[in-house]
Amino acid sequence: MFYFNKVAELAASAMQSGLSLSSSSLRGLPFADLSRELSDKIDQLPIELNEYGYDPWGFDPNVLKTSMMTAAILYRHYFRAVSVGMNKLPPGRMLLVGNHAGQVAFDGMMVATAMLLETSPPRLARGMGEYWLATLPWLNVLMDRMGHSIGTPSTCAEMLNRDECVLVFPEGVRGMNKVYADAYQLQDFGLGFMRLALETNTPIVPFAVVGSEEQAPGIANLESVAAMLNMPAFPITLTWPLLGPLGMLPLPVRYHIEFGQAMHFEGDHNDEDDAISHKVDEVKDSIQSMLRRGLAERTSIFL
Amino acid sequence: MKRLLITGISGGQGRLLAKRLSEGWQITGVDRVPWEGAPEYVDVKTLDLRKKKFEDVLRKNRPDAVVHLAFVRHFRGSNELRHEVNVGGTRRLLNSCARYGVKQVVVLSSAYVYGALPENPMYMDEDGPLNVARNFPDIRDLAEVEGLVSSFLWKYPEISTSILRPVNTLGYYVHSAIGSYLGLDIVPTVTGFNPMLQFIHEEDVCEALALAIEKQLRGVFNVAGPGAVPLKTAIHEIGRRRLSVPEPLAHLIIRELFRFRVYDFPPAAMDFIKYPCTVDGSRFVEATGFKPLFSLRDVFASMA
């Protein structure tokens, strides 16, 4: 579920507010170079802004520069992410589709950071948020300014039609809040992303994240508690809720992100579910095989 | 020369449109309020759409085209009056149009009919549901008017009927709810909300109406302006001071101020400064080649 990503990003931006100085005043401070690098990359984003500095959906690069800083620090120094396959990214519109894990959506954050820092030209990976996010004060604004949007199919289609890059996790909470026994086994994929790709003639870029499962291994998911609290999931991990809010911090695992070959699909986007799910399985297989390879090549969870 | 009837001609939009179409058309206008110093090229009749005499105008005049602008868009009067003028007036007008051989009808609705909801997609097209009545009963008459006009559109295929739904309209002549909101000395906003708002200049709306007439448009069309900015940017550009009010408090204050008619906006209008209500105007552009002349800066400058 993407909103965990949002909560993480909100926390990130709150943490960042102390650091949200211009890059010049950061000179000499730790992360000054990273801040400058991020800022340069954001300036290079191929996004057209209006005379007031916003894109049509409310994206504001200046907000992204400060709010992505914590993500960038996590990416480089905490998760020490290694990303490969960026040279295979197609130009123009694309739908990034990958595995979801780790209780809190740091995976979304890290993939978005990789798309900014590791690609040339940099791309803004736009997330599709839950409807109720729009009702939360500040968060709804932050989300828009960072380039994300409420996840309605028509907004997503419109973004793709305008050659944007949209990030989705078709497993949703089923993937993110699964228990560790199911680690790296892809859960059921929703079909919506494939219909949108067909409708807008968008290549799908599968990606695999290795590391996210170990950042917060799930012991159980108390669905009844979740229902009571009106939350989509209530995970139990080694540290949460045992250590309180501190227990939500991920373990310092190393992230490995692999972007696969872009996949082009053709067909009627209003086709029967059977026909669509056949195509979805191709994407799923591609992600699963990248995961298998990534796990086989990994020598250490933390190093 | 072909004959054109404009209802609500004494309003800002009516005056602009009369001027815009004065060369190719012989214009008659009706309004409840007189147009002092109306130019010679318009024949203004001061009468109420809801009265029998209005039908006489159509019978005698036999207009080729009708532009319907006579709507109560503010909340200063009672809901009953609003409903009677907007819905009752439209019904009467449409009946008369069918009876007296009008060939073309253009109705000025607004993008507000989609409603401002948290789950709204950005840039909604004309096929989207008209949700305004869901949370904003005070303006459900807008949706009812649209319902009347759409069924008229299907019932009389020989009459070119079109509905235009422009976004937030600002300018010197037109009095709009958004205009009076942004014209307040201190503009209240809801803490933690800052939705994207689309704006259009009144002259561009006038141009859109004229194009709908000239191109004999048929169907429902959003009319989008030069673009969208966050609400707070608009307030800043217009040069107003802003007051951020936490939501529960804002609701209470607005309700009380509205109750005592200090403030012209019902509490439900608050959704429009919290959630997006943006529309895709490409269908109208494709049908008419419409291009707004006024940029966002021009639109805001017209309010400063």
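Two residues are in contact if their C-beta atoms, placed from the backbone, lie within 7 Å. The model shown is predicted, and local features need pLDDT of at least 70, side-chain atom pairs count only at pLDDT 80 or more, while totals for chains, interfaces and linings use all residues. Residues are numbered from 1 along each chain as its sequence is written, and chains are lettered from A, with ligands numbered from 1, in the order in which they are written.

**View 1. Overall fold of chain B.** Of the contacts in chain B with a separation of 6 or more, 77% join residues 24 or more positions apart. Chain B holds 11 helices and 12 strands, where helices (H or I, at least four residues) and strands (E, at least two) are DSSP runs numbered from the N terminus. The C-alpha trace spans about 55 × 40 × 40 Å along the principal axes of chain B. The radius of gyration of chain B, 19 Å, agrees with a compact globule, because a chain of 304 residues would then have a value near 19 Å; the radius is taken over C-alpha atoms, and the globule rule is 2.2 Å times the number of residues to the power 0.38. Buried residues make up 50% of the 304 residues in chain B, a residue being buried if 20 or more other C-beta atoms lie within 10 Å of its own.

**View 2. Strand E9 of chain A and its partners.** Strand E9(A), residues 256-259, is covered on both faces, with His256(A) and Glu258(A) buried on one side and Ile257(A) and Phe259(A) buried on the other. Strand E1(A), residues 82-84, runs parallel to E9(A) and is joined to it by 3 bridges, with Val84(A) having Glu258(A) as its bridge partner. Strand E6(A), residues 204-210, runs antiparallel to E9(A) through 4 bridges, and here Val210(A) stands opposite His256(A). Two strands pair if DSSP finds at least two bridges between them.

**View 3. Surroundings of Ile257(A).** Ile257(A), found in strand E9 of chain A, counts as buried because 28 other C-beta atoms lie within 10 Å. Leaving aside neighbours within four places in sequence, Ile257(A) is in contact with Ala81(A), Ser83(A), Met110(A), Val111(A), Ala114(A), Phe207(A) and Val209(A). Met109(A) lies 148 residues away along the chain, and its C-alpha atom is separated from that of Ile257(A) by 12 Å.

**View 4. Contact between chains A and B.** The contact takes 20 residues from chain A and 18 residues from chain B. On the side of chain A that touches chain B, the elements giving two or more residues are helix H6 (139-145), strand E4 (149-150) and helix H7 (153-161), and H7(A) gives the most, with 3 residues.

Terms used: Buried ≥ 20, exposed ≤ 12 C-beta atoms within 10 Å, placed from the backbone.
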